[in-house]
Amino acid sequence: MRLWGPWRRNGTLIKPPLRGALVGLGNVAIHGHLPGWLERAEVRIVAATDAQPTQQHAMADKLPHAQWFETIESLLAGMPLDFIDICTPPGTHSTLIEAALRHGLHVLCEKPLVSCLEDFQPLADLARRRQRVLYTVHNWHEAPLIRKISELLGQGLIGDIRSCVWQVLRTQPAVANDAHGDNWRVNPDLAGGGVLLDHGWHALYVLTAWMGRHPTCLRAQLEIRRHTQWPVEDTASIEIEFPSGKADMFLTWAAETRMNEIRLEGTEGTIRVEDDWVLLNRAGDRTRKWSCPPSLSKGSHHPDWFGGVASRFLTALSGDTAEQERNLSEAALCATLIAKAQESSRTGGIWLPVPAFTHSGNRSVS
């Protein structure tokens, strides 16, 4: 159901721009999403809302013609829209997604789509019943470095992948303020968790795509190593078994430096990342390398990666159901792996099976 549609002018079909609203005007919205939307003639951001009234000034500066609303309820009731773009803390996502879907709108939502696995399926089912697109911002797929690695893997240059090592080292969580001026990333009610949910979601949708098979089991340990003033983990270690190999993830906000490390080992060679370089080694060949700036550790908003996300979202809106289901399946798997990792850590780091899902995100009956 579109709230309005195309019309004809002098016999030519004219399609109006999609009308969108930003929900949450923090750093990722202003510095990540908004620059991408402003480059698109087929989209207009016509409204915004944020829990902090002072963000109205940011909207007036960046979107002088947009309308400000004090609450999500007044925004949904106040003007016709096609979609909302949710850029709020994870703990608020489920409620906002449900409200928008029930109002008949498509939804683009920052990762993680949900902070609790139990919230995923009801929202996915609601989107399908309402025939609305529910889409998660998986922007690391669009990073030049990740795209280059995916290209090399697609060419089969290291054969079958046997292992993937992924490390994310940070000295502290990214700066983000809630309505009280605190960093919501360390508030479990708003963040839903610590470094695992914040950085792990990105790593999980990328490395599971690279491994190419559904994981079979995992074990994890979540710790507070340095930042004892916060009630969320600052370090996570996860081992994930796949039918053809294994992935090891290490994520921390307690490092002495800021960097990312990725290493893939296959039956015919290796791919590794050094800063913003991708290096390929194959037996008997010289090392090949490609510069793919920026590095994954440079910044946290990545406006240059949002364009690809917006394109995929608009493709789903155009009726490409396969694109929406692909993205929903990724989100379902990320939510499942994080829930299993949290459960494993609570039970002493034991191995736990990872349930299989169908393409639509529903549990398979096999």
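Is D275 buried or exposed? Select D275 to find out: the residue is exposed, with a relative accessible area of 53%. (Buried means under 20% relative accessible area, exposed over 50%, and partly exposed in between, with a 1.4 Å probe and protein chains only.)

**Before you go on**

This is a predicted model, in which local features need pLDDT of at least 70, side-chain atom pairs count only at pLDDT 80 or more, and totals for chains, interfaces and linings use all residues. Residues are numbered from 1 along each chain as its sequence is written, and side-chain values use heavy atoms, with hydrogens and water left out.

**Stop 1: two positive phi angles**

Stay on D275. Its phi is positive, about 60°, although D275 is not a glycine. D275 lies in the loop between β14 (269-274) and β15 (277-282). (Helices, H or I of at least four residues, and strands, E of at least two, are DSSP runs numbered from the N terminus.)

Now select Q131. Here phi is about 55°, again positive, and Q131 is not a glycine. Look for Q131 in the loop between α5 and β8 (134-137). Q131 is exposed, with a relative accessible area of 63%.

**Stop 2: two cis peptide bonds**

Select K111 and P112. The peptide bond from K111 to P112 is cis, with omega near -10°. P112 sits in the loop between β7 (106-110) and α5 (120-129).

Next, select P293 and P294. A cis peptide bond joins them too, and omega is about 0°. P294 has its place in the loop between β16 (288-291) and α9 (303-317).

**Stop 3: the cores**

Select I84, L113, W166 and W210. These residues have the most contacts inside the largest nonpolar core, which has 83 residues. Helix α8 (residues 195-211) gives the most to this core, with 11 residues. (A nonpolar core is a set of buried Ala, Val, Leu, Ile, Met, Phe, Trp, Tyr and Cys residues joined through side-chain atoms within 4.5 Å.)

Zoom in on W210. Not counting residues up to four places away in sequence, W210 touches I146, I149, S150, L153, I161, C164, W166, I262 and L264. (Contact means heavy atoms within 4.5 Å.)

Another core lies apart from the largest one. It has 28 residues, among them I45, A48, A310 and A316.

**Stop 4: H227**

Select H227, in the loop between β10 (217-223) and β11 (235-242). At 9% relative accessibility, H227 counts as buried. Which backbone oxygen does the side chain of H227 reach? That of T171, at 3.2 Å. (A polar contact is a pair of N or O atoms within 3.5 Å; within protein, one must be able to donate a hydrogen and the other to accept it, and residues adjacent in sequence count only if both atoms are side-chain atoms.)

Show the neighbours as well. Leaving aside those within four places in sequence, H227 is in contact with T171, Q172, D234, W253 and A254.

**Stop 5: a pocket**

Select L314, A316, L317, S318 and G319. Among the 21 residues that line the second largest pocket, these lie nearest its centre. The volume of this pocket is about 440 Å³. α5, α9 and α10 (321-346) each supply at least two residues of its lining. By class, the lining has eight nonpolar, six polar and seven charged residues. (Ala, Val, Leu, Ile, Met, Phe, Trp, Tyr, Cys and Pro count as nonpolar, Asp, Glu, Lys and Arg as charged, and the others, Gly among them, as polar.)

(On a 1 Å grid over the protein atoms alone, a cavity is a set of points where a 1.4 Å probe fits but cannot get out, and a pocket is an open set with protein on both sides within 12 Å along at least five of seven lines; lining residues have an atom within 4 Å of a point. Grid points are joined across faces, edges and corners, and a volume is the space filled by probe spheres set on the points.)

**Stop 6: the cavities**

How many cavities of 30 Å³ or more does the structure hold? Two.

For the largest, select Y135, T136, H138, H141, E142, G308, V309, R312, R326 and N327, which line it. Its volume is about 40 Å³. The largest share of the lining, three residues, comes from α9. The classes are two nonpolar, five polar and three charged residues.
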